[in-house]
Amino acid sequence: MSLKTTIKEHLSHRVQNSELNNEDIVEIISLLGSYLNAETISDYSKINKISYNGTIQRIGSGKLKTFTLFNIKFVIDND
């Protein structure tokens, strides 16, 4: 069994047994997001002082990776 599967199963078990509450889950999501340096496309653009379209171009060229969480697209900038 992979580490990823083990972690997912462990978290699922803890949530189902009410050992993790909403605040705990938000804290875990926040922590993982910080490891990715995840920002929305708009926030990434503002932080890096580039246009929204400039960020989109970087994504299109493969210079930036993205993921979608809760229907919001985030930029991963942890290289």
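1. Is Phe-67 buried, exposed or partly exposed? Phe-67 counts as partly exposed because its relative accessibility is 23% (buried is under 20% relative accessible area, exposed over 50%, partly exposed in between, with a 1.4 Å probe and protein chains only). Phe-74, at 18%, is buried.

2. A quick word on the model: it's predicted, so local features need pLDDT of at least 70 and side-chain atom pairs count only at pLDDT 80 or more, while totals for chains, interfaces and linings use all residues. Residues are numbered from 1 along each chain as its sequence is written, and side-chain values use heavy atoms, with hydrogens and water left out.

3. Now the pocket. Among the residues lining the largest pocket are Phe-67, Phe-74, Ile-29 and Gly-33 (a pocket is an open set of points on a 1 Å grid over the protein atoms alone, where a 1.4 Å probe fits, with protein on both sides within 12 Å along at least five of seven lines; lining residues have an atom within 4 Å of a point). Helix H2 (22-36) and strand S2 (65-69) each supply at least two lining residues (helices are DSSP runs of H or I, at least four residues, and strands runs of E, at least two, numbered from the N terminus). H2 gives the most, with four.

4. Over to Asp-43, which sits in helix H3 (residues 41-47). With 34% relative accessibility, Asp-43 counts as partly exposed. Asp-43 and Val-75 are 32 residues apart in sequence, and their C-alpha atoms are 9.2 Å apart in space.
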